[in-house]
Amino acid sequence: MDSYRIVVADSSEGSRKLICKLLNKKGYKTYQATDGAGAIRISRSIFPELVIMDTNLWGINAYEAARIIEEDKLSTVIFATSNPTSAFYEKLKNMNIFAYVVKPIYPEQLYQMVEFSIMNASKIHLLSKKIEKLENTLESRKKIDRAKGLLMKALKITEDEAYKLLRKKSMDDCVSMNVIAEKIIKKYR
């Protein structure tokens, strides 16, 4: 737990210091921001595991700052609010994790929400990586199939022969079949 970095973005010095003090007691390393731009700047430099952001930040709108942090994959954001309205819940639907902390802050609630958020953000991150890998694999497969089709047509060979030709060229050139498929697609386009 002590390696987790958390940015606490809150325009209220008292609230910000209280949250940081509570998190430091649990071994989290905390960073403080007084406005949305500061939260983004710190997140870009340290890539924290979590950002806790007050909904009434100075400067850039808290929801806009949170959107930038999550879209740029800098971290996951949870909000701290004293007044969760239906509009607030609508905003949460666009976040990575549907979670928030209610003010006034109660230590046990804060700890549970932080642990829950970090654990779920980690799972989401792993799943995102798997999806990205699967998408890349699928894209490579499509290129290879297209290259096979072009070779079959140009050289009047079977699909199996086209595949073997791609694989041999890949091994001879010490590059992936995807790279060879791209070259063939460019050549026979």
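Five strands make an open sheet, ordered β2-β1-β3-β4-β5, and the pairing is parallel. Pairing here takes at least two DSSP bridges between two strands. Strands are DSSP E runs of at least two residues, helices are H or I runs of at least four, and both are numbered from the N terminus.

The edges belong to β2 (29-33) and β5 (100-102), each with a single partner strand, so one side of each has no neighbour in the sheet. From one strand to the next, the twist averages 20°. Axes are lines fitted to C-alpha atoms, and angles between N-to-C directions run from 0 to 180 degrees.

A word on the source. This is a predicted model, with local features needing pLDDT of at least 70, side-chain atom pairs pLDDT 80 or more, and totals for chains, interfaces and linings using all residues. Numbering starts from 1 along each chain as its sequence is written, and side-chain values use heavy atoms, without hydrogens and water.

Now β1 and β3. They run parallel, joined by four bridges. Ala 9 sits opposite Met 53 in β3.

Met 53 leads us to the core. The largest nonpolar core has 22 residues; Met 53, Ile 69, Val 77 and Phe 79 touch the most other members. Such a core is a set of buried Ala, Val, Leu, Ile, Met, Phe, Trp, Tyr and Cys residues joined through side-chain atoms within 4.5 Å. Buried means under 20% relative accessible area, with a 1.4 Å probe and protein chains only. α3 gives the largest share, five residues.

Take Phe 79. Beyond four places in sequence, its contacts (heavy atoms within 4.5 Å) include Met 53, Ala 66, Phe 88 and Ala 99. Ala 99 belongs to a second, separate core of 21 residues, with Leu 23, Met 113 and Ala 121 also among them.

Definitions and conventions
Buried < 20%, exposed > 50% of the residue type's maximum accessible area, 1.4 Å probe, protein only.
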